[in-house]
Protein chains: 2
Amino acid sequence: MGTAVKRIILTLCSFFLLSNNLFPQTSPSNSKNNYPAISDTIIRTALTEQTGYEWLKELCDIGPRLSGSEQSMKAIMWAKDKMEKLAIDKVWLQNVMVPKWVRGDVESAQIVSSKKYKGRKLNITAFGGSIATPDEGITAQVIEVKSFDELKKLGDIVKGKIVFYNRAFDNGLVNSFEAYGKAVDQRTTGAIEAAKLGAAASIVRSITSKNDNITHTGVMYYDSLTNKIPHAAIGVQDAEFLSEAIKEEPGLAITIKMNCKKYPDALSYNVIGEITGSEKPEEIIVIGGHFDSWDKGCGAHDDGAPCIQTMEALHLLKKFNIKPKRTIRCVLFINEENGARGGKVYGSFADTAKEKQIAALEADRGAFTPRGFYVTSDSAAINKMQVWLPILNKAHIDWIRPGGSGVDVSFIKNAKALLGFAPDEQRYMDVHHSDNDTFESVHPREMELGTAAITIMAILLSEEL
Amino acid sequence: MGTAVKRIILTLCSFFLLSNNLFPQTSPSNSKNNYPAISDTIIRTALTEQTGYEWLKELCDIGPRLSGSEQSMKAIMWAKDKMEKLAIDKVWLQNVMVPKWVRGDVESAQIVSSKKYKGRKLNITAFGGSIATPDEGITAQVIEVKSFDELKKLGDIVKGKIVFYNRAFDNGLVNSFEAYGKAVDQRTTGAIEAAKLGAAASIVRSITSKNDNITHTGVMYYDSLTNKIPHAAIGVQDAEFLSEAIKEEPGLAITIKMNCKKYPDALSYNVIGEITGSEKPEEIIVIGGHFDSWDKGCGAHDDGAPCIQTMEALHLLKKFNIKPKRTIRCVLFINEENGARGGKVYGSFADTAKEKQIAALEADRGAFTPRGFYVTSDSAAINKMQVWLPILNKAHIDWIRPGGSGVDVSFIKNAKALLGFAPDEQRYMDVHHSDNDTFESVHPREMELGTAAITIMAILLSEEL
């Protein structure tokens, strides 16, 4: 420990001399603003102590954190406790009424009418918000389509059938979020479109970059004008199998059973902790993610680890007694996945509170190796941030680009800048909303380097924006 | 297939109009030089067809490829066959005499003298090139040190002992290659330094970023003036255990047994394939990696997948009938790991051949998500390459920086530029030289995006450097 402290002091000293060259646009007036040295210290500490990675293990041991679930409440109390132990200036819970939907103990799909494949089971999982099937299930012929246009052209044929949306995730796109965006309508509004034509139920090829048979859940919608039908994901390999089987036997029918259920809204919380600004306490820099997850895996990348990265930022600021000019506030928003109620509540709070939201940074793209930040702001602010790149680059931030931030912070009006942390996205859609999203899928160095990037950005936003 | 071709044509057409804006510094004179369109096609094809990833599976099924081994010969013939099937202009083998060292079937370490830990085994693996122990093993007290300075200060105490180098990989460094570089002397020259003081053997904490107990091998050296002693890696967790155990019982002794053996040099080969330049066939752009590996895992990241990325570049050029101005040559160098004989032979060939080596790009940092290229060249050439970044960025190349290329291409004299492909390095040292370096550790999208980056860079080097 003595050696570690000495090393930090040496690092700090060595950068006093260099900083004017390295970062001339914001030449430091005191040691607090010696960004290169502070950054090096933050990076080394995050990578070697791996506090956040240890916290992630604890969080994953609690289980997944679907809004309104018992585990989500345990996780909220765990996070509040962790923040309180940091002895930061303020920790509180913000009441949020969240939707409560519970997956049942029955989820099955089986081919029941087929010469060749009768009895063959399919991996299936209800989408969040789906109604259940009757106890005896829904048995119907399967009709495969790849788009709503194709579905509409089928017209009356769809009546009483199970619509099978089988448009694949496009692995040809470099940006996996773009590929996700081009497939996700099948999940979000697929039940509505199928029900409009009288379908009995609908199933969707899992939206994932990975060629496995794990099901990927996610939010789905009904509308008030259309009949509600059960809506579920099946594994990619089963989708490919089913598609071939239907070609062989067009009359093939399956039975699906699900006993998921919607309950009345439940009381839940945003968890908030802050280090109060030393000069401008009423000016707020928000950093955070969404603390709820789907009920698959443990929501490690989505969005447990990123939430912890922002909690760990407070830990690092506190550890090195960094006193930001503005208030740096970590907000763990509840219910992004199926309602964004936490984001909305915080947005309303921000509207009325006697304080000014200067910038808000959301981390909701996994905890992979850092690459950049997307920023929604005017070009002057973005240009200013790009001047910080030599510092941020120490934590592998290679770019700052105009772009979207995150669902939760988008409810904060009038902030000078909204930011989205952008780690590398090549592996994200392998794990997203599925049992693949485990503690083991997070790499400690990748996660901790992300923590460092977020911490450094938070400091710069506080001191320089 | 029809749809795929149509899509490619559409993509190509749509970029005709855009390319002058997107890439004004090298405005295309014909479709061949419409880099944005060509790049998009290459990226999409690599990501969707994943030809290289499939090849990697085949290569890994052959086994690891230590120089002089039967598997290395099988792999060489496999690669030659693959290249020949591409129907490129020329495929040949270049004779290389390589050292042959074979790990034995005995590798063990056990605590033999200890009240508390007698009988406890340690994960051990000989470093490449180590001599064997006598059949009955070497039994001696263990002396822990963290540096050669510390060792030298011990002086006579070392005589007859087993030196235990236990300086940890520094996870506090962002660049894992830098951390590796700061620990690797224990492996490379540790036996020499220990033997100078009369040690009976030496063992080294595995050089890895991962906290597991897998042993990591690698090259080691003897010198002609110093006695040869057995030299081996132990797992990180066993190293930590052993360090604690020695503190409890300073007299603790272990027995190590290894029956590895050195054989006479063996005939092996560089595998070379090329697409001859349409305008300047005598001007050569080399792309390649080293085809040998250590005898642990299957050498997937080191350096199987990167070799395949450069083979796949030829496949993609051929598939889209791209006729480069200069010759693009893939060289799979043999024996980088323990001799660099392949690199030396190719270097000598380049000295005397009636052709001019313009640039050489080595891929030997794993097949993780692409980040940049290091370039050894004059600043004019580097500046020129940086102008290409808008194109390369399509495949997630964010930077081109002055820096080292690779061991093998460093033997090519007088080339205008030597380049090193730089994927993200956070996970590399988890797998390097160990049983962790498996097919499963390579992610298909990360690998194929790297293939695209290398292919695009090869085209640009051929046409624009």
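By what turn and what shift along the axis can chain A be laid on chain B? A turn of 180° with a shift of 0.0 Å along the axis superposes chain A on chain B, and the RMSD is 0.0 Å. That is the relation of a two-fold axis. The model under discussion is predicted.

## Symmetry and the contact between chains

The residue of chain A that comes closest to the rotation axis is A:Asp398, whose C-alpha lies at 3.3 Å. The contact between the chains draws on 20 residues from chain A and 20 residues from chain B. Helix H2 (35-49) and helix H15 (444-464) of chain A each contribute at least two residues to the side of chain A that touches chain B. The largest share of that side, 4 residues, is supplied by H2(A). By class, the side of chain A that touches chain B consists of 5 nonpolar, 8 polar and 7 charged residues.

Of the interface residues of chain A, 100% are also interface residues in chain B, so the copies meet through the same surface.

## Overall form of chain A

Chain A contains 15 helices and 16 strands. Its C-alpha atoms fill a box of roughly 80 × 40 × 40 Å along the principal axes.

Of the 465 residues of chain A, 56% count as buried. Among contacts in chain A with a separation of 6 or more, 82% are between residues 24 or more positions apart.

## Domain organisation

Chain A is divided into domain 1, given by residues 2-99 + 264-464, and domain 2, given by residues 104-259. The centres of the two domains of chain A, taken over C-alpha atoms, are separated by 36 Å.

Across the boundary, 14 residues of domain 1 of chain A are in contact with 17 residues of domain 2 of chain A. The side of domain 1 that touches domain 2 in chain A has 3 nonpolar, 6 polar and 5 charged residues.

## Helix H2 of chain A and the residue after it

At 1.5 Å a residue, the 15 residues of H2(A) should span 21 Å, and the end C-alpha atoms are 21 Å apart, which agrees. H2(A) is mostly covered, with 13 of its 15 residues buried.

Just after H2(A) comes A:Gln50, with a positive phi of about 50°. A:Gln50 belongs to the loop between H2 and helix H3 (51-62) of chain A. A:Gln50 counts as buried because 20 C-beta neighbours lie inside 10 Å, and the cut-off for a buried residue is 20 or more.

## Helix H11 of chain B

Helix H11 (residues 341-352) of chain B has 12 residues, which at 1.5 Å a residue should span 16 Å; the end C-alpha atoms are 17 Å apart, in agreement. The buried residues in H11(B) are B:Arg341, B:Gly342, B:Gly343, B:Val345, B:Tyr346 and B:Ala350. What covers the buried residues of H11(B) includes strand S1 (90-102), strand S10 (261-275), strand S11 (280-290), strand S12 (326-333) and strand S13 (356-362) of chain B.

## Backbone features

A cis peptide bond runs from A:Asp302 to A:Asp303, with omega near 5°. In chain B, the bond joining B:Asp302 and B:Asp303 is cis, with omega about 10°. A:Asp303 is found in helix H10 (residues 300-319) of chain A, and B:Asp303 lies in helix H10 (residues 300-319) of chain B.

A:His396, a residue other than glycine, has a positive phi near 65°. The loop between helix H13 (389-392) and strand S15 (399-402) of chain A holds A:His396. With 25 C-beta neighbours inside 10 Å, A:His396 counts as buried.

B:Gly235 occupies the loop between strand S8 (231-234) and helix H9 (236-248) of chain B. B:Gly235 is buried, with 22 other C-beta atoms within 10 Å. Leaving aside neighbours within four places in sequence, B:Gly235 is in contact with B:Asn123, B:Ser206, B:Asn213, B:Ile214 and B:Thr215. B:Gly235 and B:Asn211 are 24 residues apart in sequence, and their C-alpha atoms are 9.1 Å apart in space.

A:Glu150 is placed in helix H5 (residues 148-154) of chain A. With 13 C-beta neighbours inside 10 Å, A:Glu150 counts as partly exposed. From A:Glu150 to A:Ser130 there are 20 residues in sequence and 23 Å in space, C-alpha to C-alpha.

How values were computed. Residues are numbered from 1 along each chain as its sequence is written. Chains are lettered from A and ligands numbered from 1 in the order in which they are written. This is a predicted model: local features need pLDDT of at least 70, side-chain atom pairs count only at pLDDT 80 or more; totals for chains, interfaces and linings use all residues. A residue is buried if 20 or more other C-beta atoms lie within 10 Å of its own, exposed if 12 or fewer, and partly exposed in between; C-beta atoms are placed from the backbone. Two residues are in contact if their C-beta atoms, placed from the backbone, lie within 7 Å. Ala, Val, Leu, Ile, Met, Phe, Trp, Tyr, Cys and Pro count as nonpolar, Asp, Glu, Lys and Arg as charged, and the others, Gly among them, as polar. Domain bounds come from an automatic or database domain assignment. The expected span of a helix is 1.5 Å times one less than its number of residues. Copies are superposed by least squares on the C-alpha atoms of residues with pLDDT of at least 70 in both.
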